[in-house]
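Let us walk through this structure step by step, beginning with a single residue and ending with the protein as a whole.

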Amino acid sequence: MKLPPWLTAVPPDPRLYGHLIQLCADSGHLAAGRQLHARLVTLSITPSNFLASKLISLYSRAGRLRDARRVFDAIPQPSLFAWNAILIALSLHSPDPSSAIRLFAASGISPDEVTLSALLKSLAASGPALSPLVAGELHAVALLRGFGADLFVSNGLITAYANAGDTRSARAVFDEMPRRDVVSWNSVISAYARAGLYRECLLLFQELARVHAGGGAGPNSVTVTSVLHACAQLKAVDFGVSVHRLAADSGIDMDVAVWNSIVGFYAKCGCLQYARELFERMPKKDSVSYSAMITGYMNYGHVNKGMELFRRADAQGISIWNAVIAGLVQNGRQSDVLGLLHEMISSSILPNSATLSIILPSVSFFSALTGAKQAHGYAIRNNYDQSINVVSALIDAYSKAGFLDGARKVFELTGDRSKVVWTSIISSVAAHGEAVDALRLFNEMINSGTRPDTIAFTAVLTACAHAGKVSDARNIFNSMQAVFGVTPVMEQYACMVSAFSRAGMLKDAVELVNNMPYEPNAKVWGTLLNGAAKSGDVELGRFAFDQLFMIEPKNTGNYIVMANLYSDAGKWEEAEIIRSMMWGVGLEKIPGCSWN
């Protein structure tokens, strides 16, 4: 785009130049825009806030943030308009998502709704790296400045809270909004889906459908993709079918992402034939399409069909290889994984962080510690050693190989200690019987602002139970609902019953079992039976044994513990009856062997 001579010859008109620079920015003509900027420099004209903002937009859209920042820094007294221009440029194009936040923090300016929207976009892009407290601070500024009801600010707050893992605050902002568009709905729906709150995701979608029926905002392709993911995780077939029907009937853009979510939903729910029919009808397939279908086959044990589809795939991508490798590992075909990895590398496709997180749990099948170290070395050389999934898998692999110091070292060198990473190290330390260390790490996790999940609670409670730390276990258990809002599940109740039983506190164990909101399972009764055997409480042991007999009548361990309890109490006849019961259901104790 060459500028006409008459334009470069006239004295510069700021509005005309601003309009032309904006046209260059919108159309991607950087060279022409630079000619206009050069003309201004030649005439020794310092761009005004208006012209500078247009130049900042031109350079940032072309990925030349350094030039954009140079223009901004040359403004004698930047106006809020100019500040917003550079903040928007950084929020959209900076490789460092937090750069806009840092610049604003040092600016001392009074933000408007545009400023806040740009900062919230930066914050959302930062993910969990920036604390939800930062989102809370921007939220407070929005309320104080009277922008709390602004649609774009509210949408930005929802996304920022959700990406920081604070879905409660995201929903609170959503509920206070006087007006919502489809972005508002999608932000919360996708936040629920990413956080694993699948039922909440479906309930909110139903609310959106009611609003749409009344003439309000309606779902789009992004909504459908998020909701079908939730349906697939819950195996909510009927709900997912209704979402599929809505997408087909309401004119929603059926792009490849929607098609992939539909095929993936049916495949994950086991409707493999229908999923394959839809797959074959797709107007366009990508690597995700093949991955979804292959994963469906692998999940239901159809390894040969998955491999057949993999061999005929006409799309390329690491996700297809990862789907096949994960399927082989899942179906116990680890012996085929090494060959496939060599084939993958020969095809010029190198393993990524997802590949490493898939194969690391099965390194013990090959060479245990050596395999884990080789995978770790590859991760370091290819800059995957800070990936959350790889870090978690490495900690687990080193722990299972007996190299707990290696697991600790990986954790210590991890910059982004997410909930997954904290849970992995706590679980590993607990599995090695290091109760004191598990408790220390658990407290450090809480002090760092990371909320423990149900897996972390189970790990630390198990460690406390095995180490006899009943008081610590009780305090942690009681804090689950009261402090963290996590409802104890059967696993945690079993841990507490184990803690009480191992400490000989059978009365407390029985009281907890009687007050459980669930029907006790075999793990709970088995723990109580072992506790009764340790304390010599024949009556309680027999009661627990009777419950176990109804739940798992073929578990020889229960018969042996009960028979030994009777024998230790001198009740030889009762012990013989229990052994006869075991033989009566066709079971027998497997004798020990010196070569086993």
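Thr 458 lies in helix H28, which covers residues 454–467; helices here are DSSP runs of H or I with at least four residues, strands are E runs of at least two, and both are numbered from the N terminus. This is a predicted model, in which local features need pLDDT of at least 70 and side-chain atom pairs count only at pLDDT 80 or more, while totals for chains, interfaces and linings use all residues. Residues are numbered from 1 along each chain as its sequence is written, and side-chain values use heavy atoms, with hydrogens and water left out.

Thr 458 counts as buried because its relative accessibility is 16%, where buried means under 20% relative accessible area, exposed over 50% and partly exposed in between, with a 1.4 Å probe and protein chains only. Leaving aside residues up to four places away in sequence, Thr 458 touches Glu 491, Gln 492 and Cys 495, a contact being heavy atoms within 4.5 Å. With Gln 492 there is also a polar contact between the two side chains, at 2.6 Å; such a contact is a pair of N or O atoms within 3.5 Å, and within protein one must be able to donate a hydrogen and the other to accept it, while residues adjacent in sequence count only if both atoms are side-chain atoms.

Turning to the whole protein, the secondary structure comes to 35 helices and zero strands, and the C-alpha trace spans about 115 × 55 × 55 Å along its principal axes. Of the 596 residues, 47% are buried, and among contacts with a separation of 6 or more, 60% join residues 24 or more positions apart.
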